[in-house]
Amino acid sequence: MNDRIWQKVNGIIQQGHQVASGAALDGPYPAGSIEMQTPFFRALGLDLSGYFPGTLNISISPSTFQLTNPEFTFRQVEWTDRHPPEDFSFSRCRLLLQGSAYDSWIYYPHPETKERNFQNPSILEIIAPPIPNIQYGSRVEIEYNPLELSIS
């Protein structure tokens with residue numbers, strides 16, 4: 001990932017809906033939605049093994065983002081029978097915390113195909129490897145590809 005031209009945005013880790021990881025007490029997917037979606041993404045060409053099966057919710061407020069040309073877009077993924085198929089996009093990124101860099105993915109379930117758990121447009125959802133000492137309130141930087149993601 002060093003051959004890319006990166007830009008940086010600052011962010012703060014915030015608590016999300018906890019549906020992706022399965023930590024939500026009233027969540028519909030006890031194993032978490034990411035755990036359930038991972039085999040579908042693998043079959044479509046994106047292997048998320050080695051990553052934590054959940055998302056980090058990173059506030060970049062007051063900025064917002066738009067995925068303009070993501071590396072992967074998967075349409076009409078039928079990963080559950082609880083609601084209609086969804087569209088997902090992914091863009092490589094790096095999460096920087098306390099002097100360490102973690103190769104990660106921006107995870108974007110398209111809101112037009114979701115039924116619930118919508119994100120604020122200032123929240124980047126990141127799928128990352130397990131990261132020691134990360135917690136709510138941690139200040140991080142996200143390095144991203146400006147050809148795939150626009151921050152305003």
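**Exercise 1. Find how many bridges join E1 to E8, and in which sense the two strands run.**

Solution. Six bridges join E1 to E8, and the two strands are antiparallel. Strands here are DSSP runs of E with at least two residues, numbered from the N terminus, and two of them pair if DSSP finds at least two bridges between them. Next, turn to E2, which pairs with E1 in the antiparallel sense over three bridges. There, Gln14 has Asn57 as its bridge partner in E2.

Before going on, please note that this is a predicted model, where local features need pLDDT of at least 70 and side-chain atom pairs count only at pLDDT 80 or more, while totals for chains, interfaces and linings use all residues. Residues are numbered from 1 along each chain as its sequence is written, and side-chain values use heavy atoms, with hydrogens and water left out.

**Exercise 2. Work out why E7 is largely enclosed by the rest of the structure.**

Solution. Start with burial: a residue is buried if its relative accessible area is under 20% (1.4 Å probe, protein chains only). Five of the five residues of E7 are buried, so the strand is largely enclosed. Now look at each face. In a regular strand, side chains alternate between the two faces of the sheet. On one side of E7 you find Ile123, Glu125 and Ile127, and on the other Leu124 and Ile126, all buried. Finally, check the partners. E2 joins E7 through four antiparallel bridges, with Ile58 opposite Leu124. E6 and E7 are also antiparallel, joined by two bridges, and Ile106 stands opposite Ile126.

**Exercise 3. Describe the largest nonpolar core and the contacts of Ile131.**

Solution. A nonpolar core is a set of buried Ala, Val, Leu, Ile, Met, Phe, Trp, Tyr and Cys residues joined through side-chain atoms within 4.5 Å. The largest has 20 residues, and Ile131 is among those with the most contacts inside it. Leaving aside neighbours within four places in sequence, Ile131 is in contact (heavy atoms within 4.5 Å) with Leu56, Leu95, Leu97 and Tyr102. Another core, of 13 residues, lies apart from it and includes Phe74 and Phe88.

**Exercise 4. Classify the aromatic pair of Phe72 and Phe74.**

Solution. Rings of Phe, Tyr and Trp (its six-membered ring) pair if their centres lie within 6.5 Å; planes under 30 degrees apart are stacked, over 60 edge-to-face, and the rest tilted. The structure holds 10 such pairs. For Phe72 and Phe74 the centres are 5.6 Å apart and the planes 40° apart, which makes the pair tilted. Both residues are buried.

Note on methods. Buried means under 20% relative accessible area, exposed over 50%, partly exposed in between (1.4 Å probe, protein chains only).
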